[in-house]
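What follows is a walk through a model with the sequence and coordinates at hand. The text starts with an annotated stretch, then turns to domains, and ends with the contact of chains.

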Amino acid sequence: MTSPDLTAAVKGPRRPRRRLPVGGALTYLSLLVASAVVLIPLAVVFLTSLKTSEEAADGSALSLPGNWFNLDNYVTAFHDGKMLTAFGNTAFILVFSIGGTVVIGSMTAYAVDRFDFRGKKPVMAGFLIATLVPGVTTQVATFQVINGMGLVDTRWAPILLYMGTDIVSVYIFLQFIRGIPVSLDEAARLDGANAFTIYRKIIFPLLKPAIATVVIIKGITTYNDFYIPFLYLHSEDLGTVSTALFRFKGPFGAHWEAISAGAILVIIPTLIVFLLLQRWIYNGFAQGATK
Amino acid sequence: MNQTTDTAPGGAAVTGRSGTDTAEAGAAGRRRGRAGRRSPAAGRTRSWRDAPLRRITPWLFLAAPLALLITFTYVPVASMISYGFTDWDGVSPDRENVGFDNYVRIFTRPELFRVFLVSGYYLAASVVQIAVALYFAVILSFDLRFRNLFKGILFFPYLINGVAIGFVFLYFFQDGGTLDSVLTWLGVTTDHAWLGDPASANASLAGVSVWRFTGLNFVLFLGAVQSIPGELYEAAELDGAGKWKQFRHIIAPSIKPVISLSAILAISGSLSVFEIPYIMTGGATGTQTFVIQTVKLAFQFNKTGLASAAAVVLLLIILLVTWIQRRLVPDDKVDLV
């Protein structure tokens, strides 16, 4: 997307690279309709989160809140909904699973790309075939493995699973490591560096762009994951953002203003990250999905 | 390895040994190094390459990754297959071997089999999703005002937490909720309970899935459309090709690999739907999907044996679909970024 010849084509002297086909107005109309479809459900929930419970119960869904700075529902969500604990747990899981994924993925890529050893092909095949096994299907049996380790209802269960089943990031690292010239390794080796030093001092720092991609993809998918914490973390104190929000359904029942506040609280960090890291996010997810 | 390359997922050509650009880019020095490392069997000249330490080095790096891969992917698959032939409840120490009974039950008891029909709604939805994504990808590949804003708006739903989406749309479909209010505002009055009957509930849930996942398809397609060099269009225009012909003969062929990838993701995705229906309806009013059913069998009714058999069936279907897709579309062109 950012290759030089392409940007040249876009910004070249022939001003509009390609003109719109049939009626520009219709095109814009379709874009506006799509934007409305995306934004209206979110906007309504945002409005609801600012309403008092009377306003939410009586008024129309599209009515505006009486007081735009009514943050009571957010206080309720934080306090009664245990969202603070949830953000803490999610942060804990994020740090360890992302860190683990980066180390595991880059080590695998380094070993597979920079060494020739007996059993290399079976190892590669082992990683390849694993991409075909969808995680949702195997949880019935994975649960027994985690249970056997005595990790059910601890935060280490999701951390291990996120770390151990992420083959996509192995591929992202593998693809990137190929572009790092082997001559760098060789030069370091002549200077007396061993394989571990080469990995730590040369390869790992040069993998930064790939690490950024993996951190973004892994961070967002882990933050959003519901299935794994739902299956493995039963205590209320171990709720992640997803499961804590899911528990709103019970106690807040028909209190849509509180549920809405919870949902918006969960969406805001995503929105901020998206606005800050747009370009990396588009590329990262495109890369992740095609691996 | 050749065989695994054939059945490999998307980027396998890049990762495989088939000599693509990236592999080629790895300096010639590396290739020399490789040849050097392969030959020592013949003449043992370069001592440091053959040292025992050197030989186990890659395994030191691979120890942790392989341990995790085996523990959390291969052990579960193997034990899932073996549980599938038993009547184990997941807790008690003893289990009976029941042969293929579980599989017979899955395919003969209508209530167990019906979940496959629910997948049909999601499959239909993903056709809509791919079409919509393709339309907007083509539109937004032109120079438009607010292009990046529209791109962001269309993609953002894909990033939102599934539980939050579930709640947003519970409110959306609620009696007197967002949808009813918008319809009233447009002059349509309806008191239809959107999640009230199976057909409408499944269609609504599938609609949520379109809302959520179109953004990913859109960004994938957009990347592919934009990687087409502009000169191609100019040449086509000089030859008098209209917009439709340009789409048909320039855009469509270039994005075929991505579309086929999206198709496979759509099929396996629509078979393994869980979050949205579980959060919104809990599988009530005929919205139970295959994964919801499996999770309930395993974790609510303690029928680990039956649930494992169901999971094996799903795994086999997904493998079959992937295999068919690999046969139909050679995987050497998915190379977007």
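In this predicted model, residues 115-325 of chain B are 75% helix and 0% strand. The range is taken from UniProt, where an unreviewed entry lists residues 115-325 of chain B as "domain: ABC transmembrane type-1".

Chain A is divided into domain 1, residues 20-70, and domain 2, residues 77-290. Taken over C-alpha atoms, the centres of domain 1 and domain 2 of chain A are separated by 33 Å. How many residues of each domain are in contact with the other? Seven residues of domain 1 of chain A are in contact with seven residues of domain 2 of chain A. On the domain 1 side of that contact, α2 (24-49) and α3 (53-58) of chain A each supply at least two residues. Helix α2 of chain A gives the most to this side, with four residues. By class, the domain 1 side divides into three nonpolar residues, three polar and one charged.

The remaining topic is the contact between the chains. Chain B contributes 96 residues to it, and chain A contributes 88 residues. Which helix gives the most to the side of chain B that touches chain A? Helix α6 of chain B, residues 52-83, gives the most, with 19 residues. The side of chain B that touches chain A has 60 nonpolar residues, 28 polar and eight charged.

Terms used: Residues numbered from 1 in each chain as written. Chains lettered and ligands numbered in written order. Predicted model: local features only at pLDDT ≥ 70, side-chain atom pairs only at ≥ 80, totals over all residues. Contact = placed C-beta atoms within 7 Å. Nonpolar A, V, L, I, M, F, W, Y, C, P; charged D, E, K, R; others polar. UniProt positions renumbered as here; feature names shortened; annotations may be inferred. Domains from an automatic or database assignment.
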